[in-house]
Amino acid sequence: MSDDLTLSFTRTLSASPANIWRCWTEPALIKQWFAPAPVQTTEVEIDPVPGGTFRTVMVVPDYGTMAGDAGCILVAETARRLVWTNALGPGFHPNKIGDGPMDFAFTAEILLAPAPGGCTYTATVTHASAQTAQAHKDMGFYDGWGTATTQLGALASSL
């Protein structure tokens, strides 16, 4: 998409949609790829059903721990589509978003489609304002999410 609220990219990964799904929905696997190295994902809670929990804790060198409120799964279609938001918490309860430079509401959608030798993977993040989308982009969205996606593909193809 090319509007001023949305950041998105598509890649072809050499892993099945089922293995990519596992890497998105099993905490032990999420910890291995979710943050671009050297950032570490130290805690994960996920209940991949609508209204379920999505929460990660990351440790960023020279910054510290990043741990916001738990987000909410909006859509969970096994090996096809996962959508979550940090604007809502588990059970669709509104979250209070902080006012720091890394605190902003967004909704993420992961689409998986079978492709020769693996799958097509699309990650789309929609923001509440053009300013927060730009801030997320300036923070390194494409490099960070891109690096994490490379890590995801490598892990998923090894399963």
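A salt bridge is a side-chain nitrogen of Lys or Arg within 4 Å of a carboxyl oxygen of Asp or Glu. By that definition, R81 and E77 form a salt bridge, with 3.9 Å from N to O. The model is a predicted one, and it holds six salt bridges.

R81 also meets E109 in a salt bridge. E109 lies in strand β9 (residues 106-115) and R81 in strand β6 (residues 81-85), so this pair ties together parts 28 residues apart in sequence. Salt bridges with shared partners join E77, R80, R81 and E109 into one network. Both R81 and E77 are partly exposed, at 27% relative accessibility.

Another salt bridge pairs E45 with R55. Since E45 belongs to strand β2 (residues 40-46) and R55 to strand β3, the pair ties together parts that are 10 residues apart in sequence. E45 is partly exposed, with a relative accessible area of 38%.

| Salt bridge | N to O distance |
|---|---|
| R81 and E77 | 3.9 Å |
| E109 and R81 | 2.6 Å |
| E45 and R55 | 3.0 Å |

Turning to the rings, the whole structure has 12 aromatic pairs. One of them is W24 with W33, an edge-to-face pair with centres 4.9 Å apart and 70 degrees between the planes. W24 is buried at 3% relative accessibility, and W33 is buried at 2%.

W24 also pairs with F54: their ring centres are 6.3 Å apart and their planes are at 40 degrees, so the pair is tilted. This pair links helix α1 (residues 17-25), which holds W24, to strand β3 (residues 53-60), which holds F54, across 30 residues. F54 is buried, with a relative accessible area of 5%. Ring pairs link a cluster including W24, W33, F54 and W84.

Definitions and conventions
Residues numbered from 1 in each chain as written. Predicted model: local features only at pLDDT ≥ 70, side-chain atom pairs only at ≥ 80, totals over all residues. Heavy atoms only, no water. Phe/Tyr/Trp six-rings, centres within 6.5 Å; stacked < 30°, edge-to-face > 60°. Buried < 20%, exposed > 50% of the residue type's maximum accessible area, 1.4 Å probe, protein only. Helix = DSSP H or I, 4+ residues; strand = E, 2+ residues; numbered from the N terminus.
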